[in-house]
Amino acid sequence: MELPKYTMGIGDRFGRQGKAQLAAFVKAAEMGLAVAPVWNKSNREHLLVHTAPPSVRTEADAAVAALGWRKPYFVDADHIGLKTVDGFIQCSDFFTIDVADFIGQAPDDAALEKFVAAQARRAGALHVPGIPEPLEVTTGYIERTARKYLVAVQEAGKVYRHIAAAKGAGAFITEISMDETDQPQRPLDLLIILAAIAQEKIPVQTIAPKFTGRFNKGVDYVGDVAGFEKELSDDVAVLAWAVKEFGLPATLKLSVHSGSDKFSIYPAIRRVLKKTGAGLHIKTAGTTWLEEIIGLAAAGGAGLQIAKELYGQALERFDALVAPYASVIDIDKSRLPSAAAIAAWSPAAFAGAVRHDQRCAAYNPHMRQLLHVGYKLAAEMGVRYQNALEEFAPIIAQHVTENIFDRHLKLIFGPGA
Ligand SMILES: [Zn+2]
């Protein structure tokens with residue numbers, strides 16, 4: 001199974017927006033942008049909203065059937081590990097093997113020595129086509145990097161072989177993710193990690209490093225945009241070099257776990273793709289759930305009431321909701337409007353505060369981030385929330401499609417300004 005050149009990961013906490021999401025890819029295809037959808041949902045999300053992995057397959061297949069989509073699509077077991085993968089094996093054909101927890105664990109001496117010995121011949125000034133300056137490789141750097149990442153790659157090998165034993169090699173897409181960690185992996189680190197992946201014989205088709213800068217959930221990038229563009233471009237060059245040098249799959253490409261809405265770096269990503277001809281997997285972060293809230297608020301009446309209630313509860317349970325996401329959000333509590341303050345808000349005021357439009361004076365990234373991590377509350381609301389999604393389905397669908405098409409697909413893969 002091969003991954004197409006351009007793919008985008010989409011999440012749907014409550015599994016109701018599959019058609020609205022796919023409609024965005026249909027619109028993209030109509031304007032000549034071939035991007036394959038990848039429905040992803042992590043074990044953590046399943047636990048929080050009490051769903052099981054096969055529900056994502058059911059949703060994807062139903063959307064594909066309803067819209068007559070004849071192009072590729074995938075179902076991603078997102079951020080799985082050996083402990084969580086089993087429930088995903090049958091229904092998924094894309095596996096994001098997350099080994100971030102194993103970064104920094106000490107490898108055994110024999111494995112480390114063997115790896116360093118095999119790679120030592122690369123020491124010196126390494127010229128990678130596409131990177132203007134040579135990479136300065138030393139055996140010390142190879143050893144330090146291997147010390148940090150070798151166990152993580154070995155763990156990825158275990159998970160890969162576990163899946164392959166059940167599904168058959170070649171029957172699924174393998175991604176390795178190392179993004180949920182503190183330290184970014186620079187291009188030379190990535191090169192050494194790819195050498196280890198090749199040695200472990202994992203047919204990796206996408207790899208998600210941690211990039212420099214902050215990728216908070218549902219809000220814009222925080223960091224040096226020019227620096228990011230250089231890093232992305234160098235990473236692309238490293239991947240192309242590693243495919244040839246290590247015999248990795250020709251379809252290997254970067255996976256950017258964007259956290260959604262990284263508008264300030266989308267032009268940089270687009271330039272790098274155009275310049276290099278490289279493919280890309282870009283994963284977004286369940287902001288479809290925020291579009292549900294925005295749609296409900298914009299609908300007014302009972303919809304707006306539910307949006308306000310959920311926000312009020314999120315304020316009350318702030319600490320518990322924020323804790324699991326502390327490293328990927330930045331909320332200034334003093335900037336959160338109180339429940340009393342929003343009680344009188346109009347549909348436009350509430351939707352405007354949550355909708356990610358930086359030109360809009362009402363936009364409040366603190367409120368948006370809090371709601372982003374508050375989806376558990378909608379799960380707790382249960383049938384009432386589900387019924388509201390049903391009642392206001394048309395307006396919600398419009399927001400979901402527009403968000404994915406206009407604010408992601410077009411900006412990343414489109415012809416550009
Ligand atoms: Zn990730």
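This is a predicted model: local features need pLDDT of at least 70, side-chain atom pairs count only at pLDDT 80 or more; totals for chains, interfaces and linings use all residues.
# Briefing: helices, strands and selected residues

His79 lies in strand S3, which covers residues 74-80. The chain has 17 helices and 10 strands. Its radius of gyration is 22 Å, close to the 22 Å that the globule rule gives for 417 residues, so the chain is as compact as a globular protein of that length.

**The chain overall**

- Taken along the principal axes, the C-alpha atoms fill a box of roughly 70 × 40 × 40 Å.
- Of the 417 residues, 47% count as buried.
- Among contacts in the chain with a separation of 6 or more, 79% are between residues 24 or more positions apart.

- Most residues other than glycine have a negative phi.
- His79 is not a glycine, but has a positive phi of about 50 degrees.
- His79 in strand S3 is buried, because 24 other C-beta atoms lie within 10 Å and 20 or more are enough to count as buried.
- His50 also has a positive phi, of about 60 degrees, although it is not a glycine.
- The position of His50 is in the loop between helix H2 (43-49) and helix H3 (54-67).
- His50 has 10 C-beta neighbours inside 10 Å, and therefore counts as exposed, the limit for that class being 12 or fewer.

**Helix H1 against helix H17**

- Helix H1 (residues 18-30) packs with H17 at an angle of about 40 degrees, and their axes are 8 Å apart.
- That angle makes H1 oblique to H17.
- The crossing in which H1 passes H17 is right-handed.
- From H1, the residues that meet H17 are Ala20, Gln21, Ala23, Ala24, Lys27 and Ala28.
- On the H17 side, the residues they meet are Ala397, Val400, Thr401, Ile404, Phe405 and Leu409.

- Thr288 lies in helix H9.
- With 24 other C-beta atoms within 10 Å, Thr288 is buried.
- Thr288 and Gln21 are 267 residues apart in sequence, yet 8.3 Å apart in space, C-alpha to C-alpha.
- Leaving aside neighbours within four places in sequence, Thr288 is in contact with Ile10, Gly11, Asp12, Gln17, Gln21 and Val400.
- Two of these partners, Gln21 and Val400, also take part in the packing of H1 with H17, Gln21 from H1 and Val400 from H17.

**Helix H9 against helix H10**

- H9 and H10 pack at an angle of about 130 degrees, with 6 Å between their axes.
- The two helices are therefore oblique to each other.
- H9 passes H10 in a left-handed crossing.
- Ile293, Leu296, Ala297 and Ala299 are the H9 residues that meet H10.
- Their partners in H10 are Gly301, Gly303, Leu304, Ile306, Ala307 and Leu310.

- The buried residues of H14 are Pro365, Met367, Arg368, Gln369, Leu370, Leu371 and His372.
- Their cover includes H9, H10 and helix H13 (347-354).

**Helix H16, with one face buried**

- In helix H16 (residues 383-391), Tyr385, Ala388 and Leu389 are the buried residues.
- Seen down the axis of H16, these buried residues fall within an arc of 100 degrees, so they line one face of the helix.
- Val383, Arg384 and Glu390 are exposed on the other side of H16.
- The helices that the buried residues of H16 pack against are H9 (288-299), H10 (301-316), H15 (375-381) and H17 (393-413).

**Val99 in a loop**

- Val99 is found in the loop between strand S4 (94-98) and helix H4 (109-119).
- Val99 counts as buried because it has 24 C-beta neighbours inside 10 Å.
- Between Val99 and Gly81 there is a gap of 18 residues in sequence and 7.1 Å in space, C-alpha to C-alpha.
- Neighbours within four places in sequence aside, Val99 is in contact with Ala152, Glu155, Ala156, Ile176 and Met178.

Terms used. Residues are numbered from 1 along each chain as its sequence is written. Helices (H or I, at least four residues) and strands (E, at least two) are DSSP runs, numbered from the N terminus. The arc is that of the directions from the helix axis to the C-beta atoms. Two residues are in contact if their C-beta atoms, placed from the backbone, lie within 7 Å. The radius of gyration is taken over C-alpha atoms; the globule rule is 2.2 Å times the number of residues to the power 0.38. Axes are lines fitted to C-alpha atoms, for helices over the stretch in contact, and angles run from 0 to 180 degrees between N-to-C directions. Angles under 35 degrees count as roughly parallel, over 145 as roughly antiparallel, 65 to 115 as roughly perpendicular and the rest as oblique. A crossing is left-handed if the near helix is turned anticlockwise from the far one by less than a right angle, and right-handed if clockwise.
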